[in-house]
Amino acid sequence: MTEQTRPDADARPSYKDTLNLLETGFGMRANAIQREPELQALWRERGIDLEMGLSNPGPVFTLHDGPPYANGALHMGHALNKVLKDIINKHRLMQGRQVRFVPGWDCHGLPIELKVLQAMDQEQRRALTPLKLRKKAAAYARKQVEGQMAGFKRWGIWADWDHPYLTLQKEYEAAQIEVFGTMALKGHIYRGLKPVHWSPSSRTALAEAELEYPDGHTSPSVYVAFPAVEAPQQLRAALQDQGVDLPADGDSLQSTLQVAIWTTTPWTLPANLAVSVNDRLDYCLADDGRGRLLIVAADLRDTLSEKLGLPLAAKAVVKGALLAGLAYRHPLLDRHSPVVIGGDYITTESGTGLVHTAPGHGVDDFNTGRKHDLPVLCPVDEAGTLTEEAGPFAGLNVLKDANPAIIEALEAAGALLLQESYGHRYPYDWRTKKPTIFRATEQWFASVEGFRNEALAAIDAVEWLPASGRNRIEAMVAERGDWCISRQRTWGVPIPVFYHRSSGEVLLNADSIAHIQALIAEHGADVWWEKDESELLPPSHQGEAAQWRKGTDTMDVWFDSGSSWAAVASQRDGLSYPADLYLEGSDQHRGWFQSSLLTSVAVNGQAPYRTVLTHGFALDEKGRKMSKSLGNVVDPMVIIEGGKNQKQEPPYGADVLRLWVSSVDYSADVPIGAGILRQLADVYRKVRNTARYLLGNLHDFDPGRDAIPVEALPLLDRWMLQRTAVVLDEISEAFERYEFFRFFQLLQNYCVADLSNFYLDIAKDRLYVSAPNDRRRRSCQTVMALIIERLAGAIAPVLCHMAEDIWQNLPYAVAEDSVFRRGWPVVPDTWRNESLNAPMQQLRDLRGAVNRVLEECRGRQELGASLEAAVRVDARSASLQSALTWLADHGDPEVDGLRDWLLVSQLQLGGEPWAELLASDDANPLAVIEVARARGEKCERCWHYESDIGQHADHPSLCGRCVAVLKRR
Ligand SMILES: [Zn+2]
């Protein structure tokens, strides 16, 4: 609709009232701050939400919500996630599926525990009991849930807000205990040693978030030589090829070949059980000038030669892989250990390229130890004192006197190559400000090995979108070690076990699980801290309560959220298990997708989902992560309500936020920023104005009274319906495939190219100038009414507020009180007529070509409105010629006139070239196009140039057509 050609009130005030102008309460501006909450209130009043889908005839559709953490303000990641889910739910609901969406929150865990602790002073912390901490943490989490929920509601998200699932609810906790219990009874849960950050000063395990790394820490680092006692045949052969003959295994080998290692924690040497190498690195046998061959990484030979003050002449070079199987003697203890293949954590950045490995005192060490079946030796007690297992060093403290004593012993044994103090980042206890250590402690594990094959088979049966997700999770599950599910924390679900006070025996059986599960179902998990063993033990053991001690560990929060299929999807009415869909960020292959899969497979042998869809992360417009320090954080609430400076950050409303979600290819990371928002607001306005134009022209239309049967509509109208049918098919398919960016493109193209710039542009004359009840006007209104109802439906999953606003502004009565009650738009077969496509495409192309020539004239100021022009078209292509014939033969004389479609006052097809031209296009393969000034005078009412103006005394400035219209009004 170009403004120049719109006959508006300024044309001739006296004839203004004779035009049929727009009339609608549907505003040009969204006024979203006010209007969106009004529409949400209307939904609440009328019960328009997912509840109404529960009486739908279709099958149940369950999108199971992954719980966001109940901490902090909502950000664009939340928006992307929850709006995507809402688009899908609303679409499924409109399709007639029974949709229930139970929103969830992850409420336990360290971050909330820390929030509570940080809000207290030293004195309060000291007086804090576990139970008090739990009450405070629960209150904090519930408060956070409340805040986030209000935000989600404002975004227009529909969910069972009155019955969310929180991982701190007693029924949830009970279900989780059941998952744990079932896994335990199936033999998938065991107790074992694992190194954790340990603070000897506070005698407790610490989480990463409780560590600090103060400047200026130095460690007494040592370079040590371990004498080889056994060399594998393959290594011997490879060395022989390079001219190095090793002595036979045993004493003479010990003095000849030695393995050089480096460590910053000499106190861990008593726990050494292996030396690890990187199989892909080159290692060299270097002559130290004193009759020894030291094995070091080839890349480090020069550096080490200088540092150790030894010549280190290279005698041979072998890959790390060949060193595996070499055995060495512990220099301080009577023990032989192997050289093993570690991993890529072994580099040549520092040390020797060979890593001293103590599985009880390091995470890499532990993992490497698992791979090679090494025991987890931890000769250090809670206070950091070496135990009897450390042999002669028992009784020494690892943070005090153990290091000097061990270094001295190395020196005495002739194993010390060098000692130097080494400055590096080292973790300290955030409370005591004292150094921490890695120490193996008893932990609870889920044995993934026990059901790995089942898990891989379950992965195979799931549809992963995008397909690359399958490979990601498959690789992770294939390689992952056992899952450590215990935490030494208070704010969580207890690991429901008892330990025998003298024997250490563990009590964990069907009886004990059932008893604790029932207690928690009734009282919540606090009961574990509220009651003592005499009540927590199952009846069979209550008589011997004094002999048992309840455990103090809680479960990993991933076990909490990973149990949600059991606590929610398989338990609540109206949900299905496995769920139809899980939809989260692509990092959840490592997180929730995996923890949910593992628990579900371990308990039921199946995945908890049929389809898993992932999305990327929200970045700024330059593709950078959002951060406070970069100042590039986009706040979803600011998008909706506007910022402090509303000129710079205008209030766009929730629909623009939702439109953004639909516009992005979320399979990768997605950008958002001020420029993108401006573009989106522009698209939003185009859709809104198209809708407004449709509504505004229907103010006097009653489909029951005025509609023309589809079969009787003119060609242009039939084509518009056919085109709409195609677009709706494509939009339906896009929703079906979760490809909302295609919906966004289709919608834009439909509103701008098909409607605004073509159909509605041509329709202006029919709508404004005709008498209200003229058939050429009623037929157009018929199409507009059919379209607006379906347009509202098709945008409803994304632009839910605008769609409802349209519906509430329909100027005629409809049966449904909400666009969502109408359901997903369907198209009657009568709309479809593919034979219209080819000729109409020809004529639209011709219109485009004519418009370009007219535009050229306008650019030279030779023409204003296109109605000032006369056009001659001489068809060149056979297809255009046959389209013109088709139009002439079948077109409606009142509507399907090419002259009107081109918005010009005169049109000549064929004939002789014109003499006086404004412009022409004779290079177009479609047709020769000539443009001249229209003959006759301008009608003051319809702006057409006609030759019959002045022939009617009553209306001397009007054309004959307008005079006739006025008579009919
Ligand atoms: Zn006229």
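First, the conventions. This is a predicted model, in which local features need pLDDT of at least 70 and side-chain atom pairs count only at pLDDT 80 or more, while totals for chains, interfaces and linings use all residues. Residues are numbered from 1 along each chain as its sequence is written, and side-chain values use heavy atoms, with hydrogens and water left out.

Which residues hold the zinc ion as protein donors? They are Cys939, Cys942, Cys959 and Cys962, each through its SG atom, at 2.2 to 2.4 Å from the ion. Donors here are N, O and S atoms within 2.8 Å of the metal, or 3.2 Å for Na, K and Ca; water is not among the atoms, so sites may look incomplete. The angles among the 4 donor atoms run from 104 to 114°, and the site is tetrahedral, a term used for four donors if all angles lie between 85 and 135 degrees. Along the chain, the donors follow the spacing C-x2-C-x16-C-x2-C. Cysteine 942 lies in the loop between β35 (937–938) and β36 (945–946), and cysteine 962 in helix α34 (residues 960–968), so this pair ties together parts that are 20 residues apart in sequence. Helices (H or I, at least four residues) and strands (E, at least two) are DSSP runs, numbered from the N terminus. Cysteine 942 and cysteine 962 are both buried. Buried means under 20% relative accessible area, exposed over 50%, and partly exposed in between, with a 1.4 Å probe and protein chains only.

I turn now to the cores. The largest nonpolar core has 173 residues, and Trp660, Ile788, Phe820 and Leu843 have the most contacts inside it. Such a core is a set of buried Ala, Val, Leu, Ile, Met, Phe, Trp, Tyr and Cys residues joined through side-chain atoms within 4.5 Å. Helix α27 (residues 740–769) gives the most to this core, with 16 residues. Apart from it lies another core, of 68 residues, including Ile295 and Ile406.

Next, the helix pair. The axes of α3 (residues 76–94) and α23 (residues 654–663) come within 9 Å and cross at roughly 85°. That makes α3 roughly perpendicular to α23, the term for angles of 65 to 115 degrees. Axes are lines fitted to C-alpha atoms, for helices over the stretch in contact, with angles from 0 to 180 degrees between N-to-C directions.

Finally, serine 350 sits in the loop between β15 (336–341) and β16 (354–357). Serine 350 is partly exposed, with a relative accessible area of 35%.

Methods:
Tetrahedral: all angles 85-135°; square planar, octahedral: opposite > 155°, others 65-115°. Parallel < 35°, antiparallel > 145°, perpendicular 65-115°, else oblique.
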